[in-house]
Amino acid sequence: MRKIGVFTSGGDSPGMNPCIRAVVRSGLHYGMQVVGIKHGYRGMIKGEFANMNARSVGNILQRGGTILKSSRSEEFRTVEGRKKAYENLKKHNIDGLVAIGGNGTFAGALALHQEYQIPVIGIPGTIDNDLHGTDFTLGFDTALDTVIDALDKIRDTADSHNRVFFVEVMGRDSGFIALISGLAGGAESILIPEMDDDVLNLIKTLNKALKRKKSSHIVMVAEGDEEGGAFQIADRVKREFRELDCRVVVLGHIQRGGSPSCNDRLLGTRLGVAAVEGLMRGEKNVMVGQIHNDVVYTPLTEAIKNSHKIDKNLFRLIDIMAK
Ligand code: F6P
């Protein structure tokens, strides 16, 4: 392995920059050349390659987003697109790739490997924490802090006006952000795709809360909940409880930004170095993750096929806490 390429793809997440820094500096440490590929697969197709040195990644550890930029490339989904990308990799003598992103990124990496046998190691980078083969994905911890900060502020005003707030958070297919931040932020109800009968439970909880004369109520809604987003759920509740004063807040992309937390910086550093060391040892087609504090390599095929399951034990805490 003399020359490796690194890129970020899909939704950005805080922790990607510390991870890029780790890939570049560990690659240099082991005597390799490291090339940064800009704008993910789109840049790979267009030939946006830049040689990286220790200084190119200076002062980025504390920055959110990704200095390599990101994109979602439709062209890379085609055989022709991947051919163009491979030709650019060949032109730049790239021997191996580190792909930082989520499920779609890994599916692309696997296709590239299957067609052109280029060794690829994936690093889980998404705020959603929905990837199999790791306890945490890069950016999840920071996103949780962002959501909790917002919940504390929402609680102040909710309490002053005796209101019910419906707070929608990201998680297209998964309720990790909603459940964990909801529990940590004291939400009375949490609606996520992994749980059935969410709205029925919500109505029961609201009835109990009214009897207990609770002064405010926060309902966390994962954007991917099967019963709809926060606006839809709020409409249903308003039809049921005409006396309630309801408001909706969609936190949106602020969850994707911000300075990475200590945990995300450490995770990015650890996984970045492990990806480079894995490539050196001949690992390929794997995602490097962290399970029970150990670095673990999982075949990309498995990482893509399976999803990260939420600990169902946490569900029962919602009701116990909503007193
Ligand atoms: O990064 C994953 C994610 O945060 C999802 O939870 C969300 O649905 C999606 O990104 C939105 O991404 P974009 O605005 O980039 O399409």
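Predicted model: local features only at pLDDT ≥ 70, side-chain atom pairs only at ≥ 80, totals over all residues.
View 1. The domain assignment divides the protein into domain 1 (3-139 + 260-305) and domain 2 (140-256). Taken over C-alpha atoms, the centres of domain 1 and domain 2 are 34 Å apart.

**View 2. The interface between domain 1 and domain 2.** In this interface, 18 residues of domain 1 contact 13 residues of domain 2. About 1,200 Å² is buried between the two domains, with 48% of it on carbon and sulfur atoms. Of the area that domain 1 buries against domain 2, I127, D128 and N129 supply 42%, more than any other three residues.

**View 3. Polar and charged pairs across the interface.** Between domain 1 and domain 2 there is 1 salt bridge. A salt bridge joins the side chains of D12 and R256, with an N to O distance of 2.8 Å. The two domains also share 8 residue pairs in polar contact. The side of domain 1 that touches domain 2 comprises 5 nonpolar, 8 polar and 5 charged residues.

**View 4. The surroundings of the ligand.** The residues around the ligand are G11, R72, T126, I127, D128, M170, G171, R172, E223, H253 and R256. An N or O atom in the side chain of R72 is 3.0 Å from an oxygen atom of the ligand. For D128, a polar side-chain atom lies 2.9 Å from a ligand oxygen atom, while a polar backbone atom of G171 is 3.1 Å from an oxygen atom of the ligand. The ligand exposes 400 Å² when taken alone, and the protein buries 78% of that.

Key. Residues numbered from 1 in each chain as written. Heavy atoms only, no water. Domains from an automatic or database assignment. Contact = heavy atoms within 4.5 Å. Buried area = accessible area lost by both parts, 1.4 Å probe. Salt bridge = Lys/Arg side-chain N within 4 Å of Asp/Glu carboxyl O. Polar contact = N/O pair within 3.5 Å; in protein donor to acceptor, adjacent residues only side chain to side chain. Nonpolar A, V, L, I, M, F, W, Y, C, P; charged D, E, K, R; others polar. Near = heavy atom within 4 Å. Areas by Shrake-Rupley, 256 points an atom, 1.4 Å probe, with all protein chains shown as cover.
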